[in-house]
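I opened the notebook to look up how the pieces of this chain pack together. Entries follow in the order I made them.

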Amino acid sequence: MKIVVVGGNGQLGSDVVRAFADNGDEVFALSHADIEIGERESVTNKLRDLQPAIVINTAAMHHVENCEAQPDKAFAINGLGVRNLAMGVRAAGAVLMHVSTDYVFDGRKDTPYEEGDLPQPLSVYGNTKLAGEYFVRSILDKHFVLRTSAIYGKSPCRAKGGLNFIQLMLKLAKERDEVRVVDCEYVTPTATPELARQMVVLSRCEAYGLYHATAEGACSWFEFAREIFALTNTKVNLKVAGPNEFPAKVPRPKYSVLENRGLKLLGLNAFSPWQDGLRDYLNLSQSHEAAVRR
């Protein structure tokens with residue numbers, strides 16, 4: 001199939017492009033220079049020229065603090081920009097696969113969130129991403145909305161300083177004798193290659209709708225760091241940060257673990273436990289670093 005990936009040069013988009021190309025699809029990776037989702041005419045013209053079967057949107061304003069400081073800009077990208085994409089996809093007669101977030105929930109639940117649970121975002125970021133979901137679901141019949149959590153990949157996330165959580169932990173362990181990490185926020189770390197492979201699987205069906213799409217299991221950020229150090233044999237004094245040691249500038253859900261109920265009901269859940277994705281990522285990263293050293 002002909003696939004267009006909006007944000008195809010980003011942390012997630014790069015792996016989505018790779019996964020569909022490996023599947024034998026014809027893939028067009030669009031960066032901000034190729035398409036401006038904030039401008040409806042730009043979206044319409046580009047999709048009319050390319051005539052894709054599926055458009056995958058990985059583009060977003062996802063720096064939570066910046067969204068809080070610039071709500072108009074965040075809504076223009078995460079809300080109205082997604083609306084422009086949905087309308088352009090409808091005009092092109094294509095399918096839209098849109099990536100959303102666990103931050104649409106408030107984190108007050110203590111069991112994994114399912115697709116039918118009521119969204120109650122705590123932040124501008126969460127609210128604008130939820131607005132994008134609603135635009136997609138109201139404009140298009142043929143859509144997939146995928147909520148995911150705590151993604152990381154080998155491509156840099158420029159909006160967050162280029163370092164993902166794993167890279168940051170390993171960097172801090174080299175610079176300090178002690179690393180302190182919060183143990184009160186629970187997520188499901190999800191490797192971008194796994195999410196990309198799930199997209200390929202889902203793209204081959206017509207079971208349109210809203211899906212949760214994360215690795216299996218859950219952990220706190222402290223437990224994630226502990227596993228990173230264990231798998232890399234990193235010797236560092238890891239301690240739980242105090243309750244007010246790293247005060248959040250923006251409210252974040254304390255528990256945003258998602259259950260892939262929809263995918264499992266279809267028999268299409270392709271995710272493995274989060275520890276497996278981390279292990280694969282570290283093997284890949286270490287192989288890359290060894291090749292660079294040679």
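**Entry 1: a helix pair.** Before reading any crossing angle, I noted that axes are lines fitted to C-alpha atoms, for helices over the stretch in contact, and that angles run from 0 to 180 degrees between N-to-C directions. I also noted that this is a predicted model.

I looked up helix H6 (residues 165–175) and helix H8 (residues 221–231). Their axes come within 10 Å and cross at roughly 65 degrees. That makes H6 roughly perpendicular to H8, since angles of 65 to 115 degrees count that way. The crossing of H6 past H8 is right-handed.

Which residues of H6 and H8 meet? From H6 I listed Phe 165, Ile 166, Met 169, Leu 170 and Ala 173. From H8 I listed Trp 221, Phe 224, Ala 225, Ile 228 and Phe 229. I sorted the contact by class and got 10 nonpolar, no polar and no charged residues.

Entry 2: Next I took helix H1 (residues 11–22) and helix H7 (residues 192–203). Here the axes come within 8 Å, and the crossing angle is roughly 50 degrees. H1 is therefore oblique to H7. H1 passes H7 in a right-handed crossing.

On the H1 side, the contact is made by Gln 11, Leu 12, Asp 15, Val 16, Ala 19 and Phe 20. On the H7 side I found Thr 192, Pro 193, Leu 195, Ala 196, Arg 197, Met 199, Val 200 and Ser 203. By class, the contact of H1 with H7 has nine nonpolar, three polar and two charged residues.

**Entry 3: the six-stranded sheet.** I traced an open sheet with the strand order E2-E1-E3-E4-E5-E10. The pairing is parallel. Which strands stand at the edges? They are E2 (26–30) and E10 (209–212), each with a single partner strand, so one side of each is left without a neighbour in the sheet. On average, neighbouring strands of this sheet are turned by 20 degrees against each other, direction ignored.

I then walked through some of the pairs. Strand E1 (residues 2–6) runs parallel to strand E3 (residues 54–57), and four bridges join them. Val 5 stands opposite Ile 56 in E3. Ile 56 also has Met 97 as its bridge partner in E4. E3 and E4 run parallel and are joined by four bridges. E4 is joined to E5 by six bridges, again parallel. There I found Val 99 opposite Leu 146 in E5.

**Entry 4: strand E4.** Is E4 buried or exposed? Seven of its seven residues are buried, so E4 is largely enclosed by the rest of the structure. I checked both faces. Val 95, Met 97, Val 99 and Thr 101 lie on one side, with Leu 96, His 98 and Ser 100 on the other, and all are buried. Helix H5 (residues 124–139) lies across E4 (95–101), E5 (143–148) and E10. H5 runs at about 160 degrees to E4.

**Entry 5: strand E7.** I looked at strand E7 (residues 178–181) for its side-chain pattern. The side chains alternate. Val 179 and Val 181 point to one face and are buried. E7 pairs with strand E12 (residues 237–240) in the parallel sense, over four bridges. Arg 180 stands opposite Lys 239 in E12.

**Entry 6: positive phi angles.** Most residues other than glycine have a negative phi. I noted two residues with positive values.

- Ala 150 has a phi of about 45 degrees. I found Ala 150 in the loop between E5 and strand E6 (151–152). At 22% relative accessibility, Ala 150 counts as partly exposed.
- Asn 233 has a phi near 55 degrees. Asn 233 is in the loop between H8 and E12. Its relative accessible area is 61%, so Asn 233 is exposed.

**Entry 7: Leu 266.** I finished with Leu 266, found in helix H9 (residues 261–266). Leu 266 is partly exposed, with a relative accessible area of 40%. Leaving out residues up to four places away in sequence, Leu 266 touches Ala 207 and Tyr 211. I also checked Leu 168, which is 98 residues apart from Leu 266 along the chain. The C-alpha atoms of these two residues are separated by 37 Å.

Key:
Residues are numbered from 1 along each chain as its sequence is written. This is a predicted model: local features need pLDDT of at least 70, side-chain atom pairs count only at pLDDT 80 or more; totals for chains, interfaces and linings use all residues. Side-chain values use heavy atoms; hydrogens and water are left out. Angles under 35 degrees count as roughly parallel, over 145 as roughly antiparallel, 65 to 115 as roughly perpendicular and the rest as oblique. A crossing is left-handed if the near helix is turned anticlockwise from the far one by less than a right angle, and right-handed if clockwise. Contact means heavy atoms within 4.5 Å. Ala, Val, Leu, Ile, Met, Phe, Trp, Tyr, Cys and Pro count as nonpolar, Asp, Glu, Lys and Arg as charged, and the others, Gly among them, as polar. Two strands pair if DSSP finds at least two bridges between them. Buried means under 20% relative accessible area, exposed over 50%, partly exposed in between (1.4 Å probe, protein chains only).
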